[in-house]
Amino acid sequence: MQTLSKSAARRIALRAQGLDRPRTPSPVTARRLSSLVERINLLQIDSVNVLARAHLMPVYSRLGPYDVTLVDRAAGIAPRRILETWAHVASYVPASTYPLLAWRRRAYAREAWTGIAAAAAEHRTELDLVRRIVADRGPVTATEVHDELVAAGRSAPRSREEWGWNWTTAKRCLEHLFFTGEVLSARRNAAFERCYDLAERVLPPAVRDAPDVPEQDAVRALLELGARAHGIGTARCFRDYFRLRGPVAARAHAELVADGVLVPVAVDGWPEATWVHRDAVVPRRADAAVLLSPFDPLVWERRRLEALFDVHYRIEIYVPAPKRRLGYYVLPFLEGEELGAMVDLKADRTAGVLRVMAAHRTPSTSSGTPERLAAELRVLAGWRGLDDVEVVGGDLAGPLAAALRAT
């Protein structure tokens, strides 16, 4: 069995994610965007917008400043190159990946979140009405469908208690249809609401007409996509990419090992059984300097991140403010093959300022980190349409503020 240094393992992981090289200044086109999504397989969607929507940041981290309407067009204009579905969680995936998740959509009819699965049993009349509304009027938002149900006497007007995850009947019915694949998101509107339409009107013809993929074959394909996107990792890492579970995933992993797609390796300081994808590349060096979203595929499997980079990192959005260690929306700063800083950022759009609420050192912080981080913050601020960067606190605040003044 081959033994790899932790440095080599890091470089494999960075190459697999397209994070080992500095970003090129060439324009970001629809083709480059599509190629990136096909490489990393998915963009996680989250409503948090303290800096930028979660699905926008991984593209920026790899390609640099870009026109975010490229993503809107790829997901919202036919023939759609990316589709919204449940993959890791709510995610955009390449259109070619959508058929591989059909088994999950069938399972969701039985196993989705309680409030969604219950919609089919408790609101059958409303569910049929929602189907007709989408068929007649789609694409429509949950708010529009709710108003239709109220007008038809099938739902009470919205109350103050109906916010966040406390959904209206219309929203629960729509999400049941979305989870099970009967409707899809044709686009997102300016308020980031899904605009639901019939799946047959959203799917590209080649995807709509694709033959069904047996569950075992689909899970194996998804597991390989996760392994390819990781480059190196444990069985848990590879499964987590598409949230695969159970005996089917274990069997798929065993098949990939038996066929030589996954090759066992030992990594210095990593006690768990580890594999590399047979196509993984070990670059000679890694020299990017970019900020990574908390929802970036490189960092969301926190145990893998800690094993590779020797940094403990957790997202603290849902942690009460007095108990947060690093901050509300903290981005790791990738500096070569190290995580050189942790930066809590907030886009103050009214003032036109990117606020560094806290800049924290890590064990890998070097004397050059403040200058490189300052340069990245200037680029990020410009991409978000902000005129200045202001440092508020953190143990790296002084050197970072000085570096920003020098830029």
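1. R349 counts as partly exposed, at 43% relative accessibility; buried means under 20% relative accessible area, exposed over 50%, and partly exposed in between, with a 1.4 Å probe and protein chains only. The residue is found in the loop between β12 (338-348) and β13 (353-361). Helices (H or I, at least four residues) and strands (E, at least two) are DSSP runs, numbered from the N terminus.

2. The model is predicted: local features need pLDDT of at least 70 and side-chain atom pairs count only at pLDDT 80 or more, while totals for chains, interfaces and linings use all residues. Residues are numbered from 1 along each chain as its sequence is written, and side-chain values use heavy atoms, with hydrogens and water left out.

3. Not counting residues up to four places away in sequence, R349 touches N49, V50, L51, A52, R384 and L386; contact means heavy atoms within 4.5 Å. From C-alpha to C-alpha, R349 and I315 are 23 Å apart in space, and they are 34 residues apart in sequence.

4. L51 and L345 touch the most other members of the largest nonpolar core, which has 110 residues. Such a core is a set of buried Ala, Val, Leu, Ile, Met, Phe, Trp, Tyr and Cys residues joined through side-chain atoms within 4.5 Å. Beyond neighbours within four places in sequence, the contacts of L51 include L345, R349 and R384. A second, separate core of 28 residues includes L14, L308, Y313 and V330.

5. Is T85 buried or exposed? T85 is buried, with a relative accessible area of 5%. This residue lies in strand β3 (residues 82-86). Leaving aside neighbours within four places in sequence, T85 is in contact with A90, S91, V93, Y98, L101, R105 and F178.

6. Helix α8 (residues 142-151) has A142, V145, H146 and L149 buried. Seen down the axis of α8, its buried residues fall within an arc of 105 degrees, so they line one face of the helix; the arc is that of the directions from the helix axis to the C-beta atoms. Their cover includes α7 (124-137), α9 (169-179) and β6 (194-198).

7. The axes of α7 and α9 come within 10 Å and cross at roughly 75 degrees. Axes are lines fitted to C-alpha atoms, for helices over the stretch in contact, and angles run from 0 to 180 degrees between N-to-C directions. The two helices, α7 and α9, are therefore roughly perpendicular to each other, a term for angles of 65 to 115 degrees.

Notes:
Angles under 35 degrees count as roughly parallel, over 145 as roughly antiparallel, 65 to 115 as roughly perpendicular and the rest as oblique.
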